[in-house]
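Here is a friendly walk through one model, with its strands, a helix and a cavity as the stops along the way. Keep the sequence and the 3D view open as you read.

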Amino acid sequence: MGPYVLNRRIWVGSPPMELLRSQESLFRSASPDTGLDDRSTPLIHGTAPEVADRLASVAGSTGATHLGLKIHLPGMAQDQILDQIAALAEILPPVAAALKTSGDR
């Protein structure tokens, strides 16, 4: 069995809803007839432990072996991007353990 990639948009803290809405609008305007938008990549947000718990739970329940995490939105300030990258240090270890477990199934 090949890799199973779990794609999610994550945000540690309160997500920048204005930027999320702007990106969704851009997707809808670019592909109005396809029905495609960014809702195909669900948002997981909260504190770093909450995000880690939710990602680990979804990874374990779906049998995911790999992650595709989106932390960038057009219009984000550099400090926001760097904060989200730094938060990955707390999020990834417990999620990696869930991926390894789900990959062994």
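Strand S1 (residues 5-12) pairs with S3 in the parallel sense over five bridges. Strands here are DSSP E runs of at least two residues, helices are H or I runs of at least four, and both are numbered from the N terminus; two strands pair if DSSP finds at least two bridges between them. What you are looking at is a predicted model, in which local features need pLDDT of at least 70 and side-chain atom pairs count only at pLDDT 80 or more, while totals for chains, interfaces and linings use all residues. Residues are numbered from 1 along each chain as its sequence is written, and side-chain values use heavy atoms, with hydrogens and water left out.

S1 also runs parallel to S2, joined to that strand by four bridges.

| Residue | Bridge partner | Strand of the partner |
|---|---|---|
| valine 5 | histidine 66 | S3 |
| valine 12 | glycine 46 | S2 |

Together, three strands make an open sheet with parallel pairing, in the order S2-S1-S3. At its edges are strand S2 (43-46) and strand S3 (66-70), each pairing on one side only. On average, neighbouring strands are turned by 35 degrees against each other, direction ignored. Helix H2 (residues 48-62) packs on this sheet and touches S1, S2 and S3, where contact means heavy atoms within 4.5 Å. The direction of H2 makes about 165 degrees with that of S1; axes are lines fitted to C-alpha atoms, for helices over the stretch in contact, and angles run from 0 to 180 degrees between N-to-C directions.

Now for the side chains.

Is arginine 9 buried or exposed? This residue lies in strand S1 and counts as buried because its relative accessibility is 5%, the cut-off for buried being under 20% relative accessible area (1.4 Å probe, protein chains only). A polar atom of the arginine 9 side chain lies 3.1 Å from the backbone oxygen of histidine 72.

A cavity is a set of points on a 1 Å grid over the protein atoms alone where a 1.4 Å probe fits but cannot get out, and lining residues have an atom within 4 Å of a point. The volume of the largest cavity is about 30 Å³, and S1 gives the largest share of the lining, three residues.

Methods: Buried < 20%, exposed > 50% of the residue type's maximum accessible area, 1.4 Å probe, protein only. Polar contact = N/O pair within 3.5 Å; in protein donor to acceptor, adjacent residues only side chain to side chain. 1 Å grid on protein atoms, 1.4 Å probe; cavity = no way out; pocket = protein on both sides within 12 Å on 5 of 7 lines; lining within 4 Å. Points joined across faces, edges and corners; volume = space filled by probe spheres on them.
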